[in-house]
Amino acid sequence: MLSPFPLPLQFHEYQVVGRKLPSEKDAAPKLYRMRIFAPNVVVAKSRFWYFLKKLRKVKKAAGEIVSVNEIFEKRPEQIKNFGIWIRYDSRSGTHNMYKEYRAMTRAEAVETCYQDMAARHRARFSSIQIMRVAEVKAADVRRQYIKQLLVPKLAFPLPHRIQRVDKNQRRLFIAKRPATFY
């Protein structure tokens with residue numbers, strides 16, 4: 001049975017290398033390499049041709065993809081700060097933007113960025129271009145919403161906790177509501 005909730009887009013980071021097809025005029029054409037975030041290889045190749053067509057005079061019909069490799073995070077178990085430079089098309093024009101996220105991997109940070117852009121700016125996947133993703137040191141973090149998480153002894157309050165009673169003392173029905181404040 002199909003789930004009523006769609007699965008989240010799990011982005012992967014791909015390195016796509018492609019070039020113009022060799023011809024008599026140019027026997028060894030220049031290789032172009034891009035790091036692309038996409039849910040699968042097919043979308044990664046498609047985005048590669050989309051960007052290459054904009055940057056150089058090369059299109060899919062007159063080109064070939066040399067290799068597609070998935071790039072994995074070096075330390076996926078450690079939380080890091082990421083800065084993401086993006087360009088997106090809104091209803092009124094094209095805008096450049098810099099955003100910061102805390103995540104375990106680059107792909108996770110980009111996925112959060114896509115969700116954030118969809119929520120705040122109603123920007124779809126097709127209208128967002130990831131220009132650059134870089135790990136940012138704690139000292140170089142610019143945004144206040146990330147800076148507040150870098151405090152050494154960060155603690156969160158635990159409001160409305162229900163006191164646990166021993167199993168043999170516990171009753172199924174009780175006359176009053178539990179007191180959840182201290």
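Author: Asn 40 caps the N-terminal end of helix H1, with a side-chain oxygen 3.2 Å from the backbone nitrogen of Val 42. A polar contact is a pair of N or O atoms within 3.5 Å; within protein, one must be able to donate a hydrogen and the other to accept it, and residues adjacent in sequence count only if both atoms are side-chain atoms. The model is predicted: local features need pLDDT of at least 70 and side-chain atom pairs count only at pLDDT 80 or more, while totals for chains, interfaces and linings use all residues. Residues are numbered from 1 along each chain as its sequence is written, and side-chain values use heavy atoms, with hydrogens and water left out.

Reader: How many residues does H1 have, and what span does it reach?

Author: Helices (H or I, at least four residues) and strands (E, at least two) are DSSP runs, numbered from the N terminus. The expected span of a helix is 1.5 Å times one less than its number of residues. H1 covers residues 41–55, which is 15 residues, and reaches 21 Å from its first C-alpha to its last, close to the 21 Å expected.

Reader: Which residues of H1 are buried?

Author: An α-helix has 3.6 residues a turn, so residues three or four places apart point the same way. Buried means under 20% relative accessible area, exposed over 50%, and partly exposed in between (1.4 Å probe, protein chains only). In H1 the buried residues are Ala 44, Arg 47, Phe 48, Trp 49, Phe 51 and Leu 52. They pack against strands E1 (12–20), E2 (31–38), E3 (63–71) and E6, where contact means heavy atoms within 4.5 Å.

Reader: In what order do the strands E1, E2 and E3 lie in their sheet?

Author: Strands of a sheet pair through backbone hydrogen bonds, either parallel or antiparallel. Two strands count as paired if DSSP finds at least two bridges between them. Here the open sheet has the order E2-E1-E3, with antiparallel pairing. E2 and E3 are the edge strands, each pairing on one side only. Neighbouring strands are turned by 25 degrees against each other on average, direction ignored; axes are lines fitted to C-alpha atoms, for helices over the stretch in contact, and angles run from 0 to 180 degrees between N-to-C directions. Eight bridges join E1 and E3, and Gly 18 has Ile 65 in E3 as its bridge partner. H1 packs on this sheet, touching E1, E2 and E3, and its direction makes about 130 degrees with that of E2. Helix H2 also packs on the sheet, touching E1 and E2, at about 65 degrees to E2.

Reader: Which strands form the other three-stranded sheet, and in what order?

Author: That open sheet runs E5-E4-E6, again with antiparallel pairing. E5 (94–103) and E6 (128–136) stand at its edges with a single partner strand each, so one side of each is left without a neighbour in the sheet. E4 (residues 80–89) is joined to E5 by 10 bridges, and Arg 87 stands opposite Asn 96 in E5. H2 (residues 106–121) packs on the sheet, touching E4, E5 and E6, with its direction at about 130 degrees to that of E5.

Reader: Which residues touch the most other members of the largest nonpolar core?

Author: In soluble globular proteins, nonpolar side chains tend to be buried together. A nonpolar core is a set of buried Ala, Val, Leu, Ile, Met, Phe, Trp, Tyr and Cys residues joined through side-chain atoms within 4.5 Å. The largest has 19 residues, of which Ile 84, Ile 86, Met 117, Ile 128 and Ile 130 touch the most other members. E4, E5, H2 and E6 each give two or more residues to this core, and H2 gives the most, with six. A second, separate core of 12 residues includes Tyr 14, Ile 36, Ala 38 and Ala 44.

Reader: Is Thr 105 buried or exposed?

Author: Thr 105 is buried, because its relative accessible area is 17%. Thr 105 lies in the loop between E5 and H2, and its side chain reaches the backbone nitrogen of Glu 108 at 3.0 Å.
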